[in-house]
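Me: I have a structure open and I'd like to learn how to read it. Could you walk me through a few features?

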Amino acid sequence: MNGLAEAAGSFALTRWVSRKSRADFEHWQAAALRRFLNGDLPRAPFYGKAPARLIDLPVTDKALLMARFEDFNIHHLTAAQAWAALAGEGRAGSLTIGASTGTSGNRGLFVISEAEKYRWLGAILAKAAPDLLWRGMRVAVILPQNTGLYDSARKSRLIRLAFFDLTLGPESWRGALEAFDPTIIIAPPKVLRHFASEGFRLRPKRVFSAAETLDPVDRPVIEDFFRLPLDQIYMATEGLFAVTCRQGGLHLAEDSVFFEFEPAGEGLVTPLVTTFRRRTQIMARYRMNDLLRLSKAPCRCGSPLRCLDEIVGRMDDVFRLMSPDGPVLVTPDVLRNAVLKADRRIDDFRLVQTGPDRVELSLPPTFADDAAAAAHQAAQALLDARKALATVTLVRAPLPLEIGRKLRRVEARLERAR
Ligand SMILES: [Zn+2]
């Protein structure tokens, strides 16, 4: 099958599945998962044979996947070969290699086939903009690096796709982006906010936040500027995990991923994902680093796919502190809300755990002193209420647009080795 046929097939399947009842969907999903476990998973040397049940398989994570990269893809491609391919054109034969951003040593690699690339494209179009497809769309993707996934679309006639390299800085391609006049923009929230503050001349029909956690504080700024509701695409090296529907529900991509959830405290969960429609790199019961809040109610749109209320942040950014009663964990959303609720003039900040008992709150000097003092007090009061033995220090400094790394307003920057 050629690329466009793959994309069209995936588009149609994604739309078809979205109209099923939940019971019919679960039946379809169970059969698709079973086919994956019997037919695809055993082809990866790490597994070798089909399990009786999914839950008989061990939980996997990035460290294991990277340590035994060649055992998790069916072509026995080694991590060294993949890195070498990535340093060149990002291809190894007919395979596309990509990597997540992140500190070196912590980057994740992925390998996908041509067919999978087109299937991914079809699925994302079916979820993100089914109504815009036939009217001709111009999609601007602004991410820290070209992952190779987008090359497929660039060649198709249905859509025009342009990639803008965030690492070069927005000013280097501002003119080109405005001239492209995108109907769909996919970018990290900090970049969308930068467009707002710098008054970029853009008039998209749909705007998606991607690649970083969307902080509630950025949403109104972006929505006011574009006069559009802000949608989200939750994707990572590991795949496409959730996309906002036209009714505003952030639906899990359960049509290509089987999710299990582990409780993470404060009503949050972390997902284990099994990507049952990917056949090149096998990922089963893979533990993601993200903290999610699941919705209790189904979405008005009628899709059987369950929804997220919020992608809260990363497990890595949970503050781990000590108290007289033992360890205390405080999740990023609780910390963020404490700072933001202290004073409504605060719409940007950084809160970083820098040591076992040290936390630093940074606020730009442009904020009023009493607002800064209130935020400082609120952060300290939250930790005190949890009996955490930690001191919050207030730093007044500008918060520049960081293009080289993901923005995390709440971040634990402790040495992991200890
Ligand atoms: Zn929906």
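Predicted model: local features only at pLDDT ≥ 70, side-chain atom pairs only at ≥ 80, totals over all residues.

Me: Which residues are the protein donors of the zinc ion?

Reply: Donors are N, O and S atoms within 2.8 Å of the metal (3.2 Å for Na, K and Ca); water is not among the atoms, so sites may look incomplete. Here you'll find Cys245 (SG), His251 (NE2), Cys299 (SG) and Cys301 (SG), at 2.0 to 2.3 Å from the zinc ion. Along the sequence, their spacing reads C-x5-H-x47-C-x1-C.

Me: What arrangement do the 4 donor atoms make?

Reply: Four donors count as tetrahedral if all angles lie between 85 and 135 degrees. The angles around the zinc ion are 102 to 116°, so the arrangement is tetrahedral.

Me: Is Cys245 buried or exposed?

Reply: Buried means under 20% relative accessible area, exposed over 50%, partly exposed in between (1.4 Å probe, protein chains only). Both Cys245 and His251 are buried.

Me: How many residues does the largest nonpolar core have?

Reply: In soluble globular proteins, nonpolar side chains tend to be buried together. A nonpolar core is a set of buried Ala, Val, Leu, Ile, Met, Phe, Trp, Tyr and Cys residues joined through side-chain atoms within 4.5 Å. The largest one has 34 residues, and Leu41, Tyr47, Tyr234 and Leu308 have the most contacts inside it. Helix α2 gives the largest share, 6 residues. A second, separate core has 28 residues, including Phe349 and Val410.

Me: How do α10 and α11 pack?

Reply: Two packed helices are described by the angle between their axes and the distance between the axes. Axes are lines fitted to C-alpha atoms, for helices over the stretch in contact, and angles run from 0 to 180 degrees between N-to-C directions. For α10 (residues 332-342) and α11 (residues 369-385), the angle is about 145° and the axes are 8 Å apart.

Me: Where is Gln29, and what is it in contact with?

Reply: Gln29 sits in helix α2 and is buried, with a relative accessible area of 6%. Contact means heavy atoms within 4.5 Å. Leaving aside neighbours within four places in sequence, Gln29 is in contact with Glu254, Val257, Phe258 and Phe276.

Technical notes. Residues numbered from 1 in each chain as written. Heavy atoms only, no water. Tetrahedral: all angles 85-135°; square planar, octahedral: opposite > 155°, others 65-115°. Helix = DSSP H or I, 4+ residues; strand = E, 2+ residues; numbered from the N terminus.
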